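Work through the exercises below with the sequence and the model open. Each task is followed by a stepwise solution.

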Amino acid sequence: MPKYLVLPKIGMNMEEAVISEWLIKPGDKVEKEQMVVRAETDKAVQELFATDSGIVYKLLVEPGDVVACQEKIAMLLDEGEEYNGEVEEKKESGSPDSTEIRVNKEGQRERSVFSVISKTGKKQRISPLARKLAKELNISEDNLYPAEPGKRIVKADVFKCKAEMDSCAQREEEASVLVPFTRTRQFIAKKMLDSVSHKPRVSLVTTVDCEKLIEVREKLKKYAKTGYNEIIAKACGMALRKYPGMNCITEEDGYRIMKTVNIGVAVDTSEGLLVPVLKNVESKGILKLTKEFGELVEKARNGALSIDEMSGGTFSISNVGMFGVESFDPIINSPECLILGVGCMKECVSVVRHEMCIRTCMKLSLSFDHAVFDGAAAARLLKEIKDLLEDPVMMLA
Amino acid sequence: MSIKTVREALNEAFVEEMEHDDTVFVMGCDNGIKGNPFGVTLGLAEKFGLERVIDTPISEPAFTGMGIGAAVTGMRPIVEIMFCDWVTLAMDQIVNMAAKMRYMFGGKVEMPLVLRVPIGAGGGQAAQHSQSLEAWFNHVPGLKVVAPYTPADCKGLLKAAIRDNNPVLFLENKRTYAVKGEVPEDPDYIVEIGKASVAREGTDITLVTYSSMVKICMQAAERLQKEGISCEIIDLRTLLPLDYDAVIRSLGKTGRVIVVHEASKRGGMGSDIVAELSERAFDLLDAPPLRVGALNIPIPYNETLEAAVLPDAENVIEAVYKSLSNG
């Protein structure tokens, strides 16, 4: 009796594959599980195994053929077996099946229902009970397959699938912990997704020579615990004063230019990312900003920030330099249109007036909403910020 | 309890009911002096006299009509059609009179008629002495149809049929008269009409059957058990009204069902039961419901051919394999 190799279903979502290459030829002896054919599935070109053992009599599909899972791909015979019958050819799609008619005991011609169904498409048969159970257990019929190719899917197959899914889920559960989203996390997720899906973002990167910036900060430290964030915020405020048209937020039908520069500075807290907003940055001195920022960070860490203290921003700064990150392209805090990513300061080899020297530098990346600004405008803004930080005394100008 | 044959159990039911109620009487060809060809009414004439155990001329329509007349006028006749094959002659009386009169007179008359109709083939009795025509009566509103197998059920259901105020067709399988089993002695023992019994409990597949095929199904189940296939056998006992609750309960357990009867498959009880299950219990089916019955040809006289036509344990086993194959 001839036997057949069928295309094995090797993934839950695998429906069909394109035959790439046969690894066997007629006359070869194949063992069940041996790799026999290379085929391209949705995921990759993979070697697929034999579903039975025997001597290859004829290959029923050729490279390039699209074959559904469980469809016959090769005919096998037992060792020493002769076969003179007809070889089942691969069915051309659209052409009618040879209708299977057999004569039953009562002498009536019985037509196989399956041959009628398969004419109109490759419908997998499933018992009413199996269909009902699958529905009750929330198992898609696409994930079910019969114990043997060509058979009907029955109750036992549904339970087998269920058991596989359960053990899979159990393994996953044992190896991991599911943490439900907190309200804050949900809010952050929503804002991030909203920004990414609505704001075409471009990031521009530049390097800032920090020698003078470090000097200024050392001087300021005599008066207050000023950090680089406050100085950078001040520089951004000054730069935006030079380009007031960029101090804006987007609305439904356009963008609104804001009179005051309010800069949100990302703060890492145990509850997640919080962005307190420094108001009227353009009109405040660095020491004042230091004091205000210190208070806001304190509140952020204690979960005491008011809604007002976290809203109204026109620009944001995200500084991850303290973690050694050199450069990144932050996601814009919508409806704002600009965010500055600040990298770490580190010594690097610079060339100044044809001389190599070691300078402390940091990278700035400005992400901007390309729907609102063009690249040149953003580049001008970034250059202004860079210039102010490389020579902070110019902030007085 | 004591061990009795179906023949003895039926005879006991006659005696008890004739003693219990003077209006009960027996009528049919050779019922009196000879005790019927199968010995079922043996000894009744001596005990109750030929006035209550009447030998009739060979005219099924005449004595069936007599029975109907007696029933509507207050008697409880038990009429025998010696072979089911000849029930054709009395069809008008059964279908148009017995089954309809109570309805047409607005319930003003009762029809406490029992029509004993021996069915079944075997032993080379040929095409006119071998048929099982129960499906015809299943089609007729107004009748009850009973087809028991065990001696206890035969006795209990015959007594229930005699006490019933509706026309009851009581189908005995000729080849089961010698089947032995325990039979309760209690004179008030009856088996309710319309209730099936679980003849064998199982989990993999339900065999719905009745009469002589209970034995065939038991044999098949024994053999399948050795292969690890567990069959549940429902002995319907009553065909009309049919105990679908019992059948569906079993189907709910197994998800697979085969109806097995001796009558020819086409248009048989199996066709109706399978159709009913498809309507009522579609979502319980894990495989197409199957039927096993005799071939759709007359029963041959030649015993070898006859055996080939009738369903046997092998046919039941084949059907079980087919159902379990999910093919």
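A contact means heavy atoms within 4.5 Å. This is a predicted model, in which local features need pLDDT of at least 70 and side-chain atom pairs count only at pLDDT 80 or more, while totals for chains, interfaces and linings use all residues. Residues are numbered from 1 along each chain as its sequence is written, chains are lettered from A and ligands numbered from 1 in the order in which they are written, and side-chain values use heavy atoms, with hydrogens and water left out.

**Exercise 1. Trace a nonpolar patch.**

Task: Find which strands of chain A each supply at least two residues of the nonpolar patch.

Solution. Start with the members: A:Val349, A:Val351, A:Met356 and A:Ile358, with about 470 Å² of accessible area together. Patch residues have over 30% relative accessible area and no salt bridge; like charges are joined within 9 Å, nonpolar side chains (Val, Leu, Ile, Met, Phe, Trp, Tyr) within 5 Å. A salt bridge puts a side-chain nitrogen of Lys or Arg within 4 Å of a carboxyl oxygen of Asp or Glu. A:Val351 sits in strand 19. Its relative accessibility is 61%, so A:Val351 counts as exposed.

**Exercise 2. Check the backbone.**

Task: Locate the cis bond from A:Ser334 to A:Pro335, then the one joining B:Leu240 and B:Pro241.

Solution. In chain A, omega is near 5 degrees. A:Pro335 lies in the loop between strand 18 (315-319) and strand 19. In chain B, omega is about 0 degrees. B:Pro241 lies in the loop between strand 12 (238-240) and helix 9 (244-254).

Task: Is B:Asn326 buried or exposed?

Solution. First, phi: B:Asn326 has a positive value, near 55 degrees. Second, place: B:Asn326 is in the segment after helix 12 (313-324) of chain B. Third, cover: its relative accessible area is 13%, so B:Asn326 is buried.

**Exercise 3. Classify a helix pair.**

Task: Decide how helix 3 of chain B runs relative to helix 4 of chain B.

Solution. Helix 3 (residues 60-72) and helix 4 (residues 91-98) of chain B pack at about 25 degrees, with axes 8 Å apart. Therefore the two helices are roughly parallel. Axes are lines fitted to C-alpha atoms, for helices over the stretch in contact, and angles run from 0 to 180 degrees between N-to-C directions. Under 35 degrees is roughly parallel, over 145 roughly antiparallel, 65 to 115 roughly perpendicular and the rest oblique. The contact on helix 3 of chain B uses B:Pro61, B:Thr64, B:Gly65 and B:Ile68. Helix 4 of chain B contributes B:Gln93, B:Ile94, B:Met97 and B:Ala98.

Key:
Accessible areas come from the Shrake-Rupley method with a 1.4 Å probe; for residues, only the protein chains shown count as cover. Helices (H or I, at least four residues) and strands (E, at least two) are DSSP runs, numbered from the N terminus. Buried means under 20% relative accessible area, exposed over 50%, partly exposed in between (1.4 Å probe, protein chains only).
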